[in-house]
Amino acid sequence: MGPFVQCHLSGSRPASSDFGPIAVLTEPLVEDELREEIARLMSLQAIDRELRELEQVFSSVAGRVEQLRLDAQKQQAELDRLIAEEQQSALTRRQLEKELAEGEARIRNKRMRLNQARNDKELQALAHEVDAQKETNQRLEADLLSLMEASEPRAARITEFTSVVERLLAELTAAEKEIAAQVEDLKISIAKQRLERDLMAGNLERSLLQRYEMIFSRRNGLAVAEARGGTCQGCRMRLPPQLYNQIQRHDSIHFCPNCQRILYHEGEGERHG
Ligand SMILES: [Zn+2]
């Protein structure tokens, strides 16, 4: 213990830092009160850390199902696209087949009229019409063939995607079923933990609580750190000797000048029963 114990226990020190002024420091606390306040902060931190972990588990569990759902939707969209493409192709094929059948009927009709032609001019005109229709029919046949050729691999892909989508949907249903209970448990645990947290937070001085919450979120879930061996255990920085002395005296709440964490000291033989 340093020589300034007595005067500092009854005094107060100005309070300000990067994290703003803090009202709690203007009211000096006696050692027991301070220890209790620190204990409440540490209980709150333990609850907050547990809560954070639960929320992380919850979002990873929910995220896995969401990913499956997205995968299934993506494959389903591709399947729908292929099916629509195939339907359009089938429609066009039927139209071409109809035109081709009509073209062949026309050729038969003109060939019959060839036999009844009365002169060369009429004969040549009809022969020319037959040739033109033949050309049209060949074009129609070629179009039809290429549509049929494109349809074959598409049909294979539709079969493939249908089974992929079926498998993904089955996986999704199974995963949803599997985690339904887990999700419910997590939701209940989180709700309980929040309730406990609010009760605990209600016992803390408001400005200290706000400051704690800010440090907790900025310092990755560690707002209260031990000052041990002259070092902040939160950021490992060596504390100024005078500050370390003050922390050891438990005269007020102190913060690490480097990481702003709330510091406490649990020295040998200083534990209160
Ligand atoms: Zn620190």
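**Zinc site and salt bridges in a predicted model**

Modeller: In this predicted model, Arg40 and Glu37 are three residues apart in helix H2 (residues 31-115), so about one helical turn separates them.

Biologist: What makes Arg40 and Glu37 a salt bridge?

Modeller: The closest N and O atoms of Arg40 and Glu37 are 2.6 Å apart. A salt bridge requires a side-chain nitrogen of Lys or Arg within 4 Å of a carboxyl oxygen of Asp or Glu, and therefore the pair qualifies.

Biologist: Why is Glu37 called buried, and Arg40 partly exposed?

Modeller: Buried means under 20% relative accessible area, and partly exposed lies between that and 50%. Glu37 has 7% and is therefore buried, whereas Arg40 has 25% and is therefore partly exposed.

Biologist: Which parts of the chain does the salt bridge of Glu86 and Arg154 tie together?

Modeller: The side chains of Glu86 and Arg154 meet at 2.5 Å, N to O. Glu86 lies in helix H2 and Arg154 in helix H3 (residues 120-202), so the pair ties together parts that are 68 residues apart in sequence. Both Glu86 and Arg154 are buried, and both belong to a network of salt bridges that includes Arg93 and Arg157.

Biologist: Which atoms are the protein donors of the zinc ion?

Modeller: They are the SG atoms of Cys232, Cys235, Cys256 and Cys259, lying 2.2 to 2.3 Å from the zinc ion.

Biologist: Why is the arrangement around the zinc ion called tetrahedral?

Modeller: Four donors count as tetrahedral if all angles lie between 85 and 135 degrees. The four donor atoms here subtend angles of 105 to 114°, and therefore the arrangement is tetrahedral.

Technical notes. Residues are numbered from 1 along each chain as its sequence is written. This is a predicted model: local features need pLDDT of at least 70, side-chain atom pairs count only at pLDDT 80 or more; totals for chains, interfaces and linings use all residues. Side-chain values use heavy atoms; hydrogens and water are left out. Donors are N, O and S atoms within 2.8 Å of the metal (3.2 Å for Na, K and Ca); water is not among the atoms, so sites may look incomplete. Four donors count as tetrahedral if all angles lie between 85 and 135 degrees; four count as square planar and six as octahedral if opposite donors are over 155 degrees apart and all others between 65 and 115; anything else is irregular. Helices (H or I, at least four residues) and strands (E, at least two) are DSSP runs, numbered from the N terminus. Buried means under 20% relative accessible area, exposed over 50%, partly exposed in between (1.4 Å probe, protein chains only).
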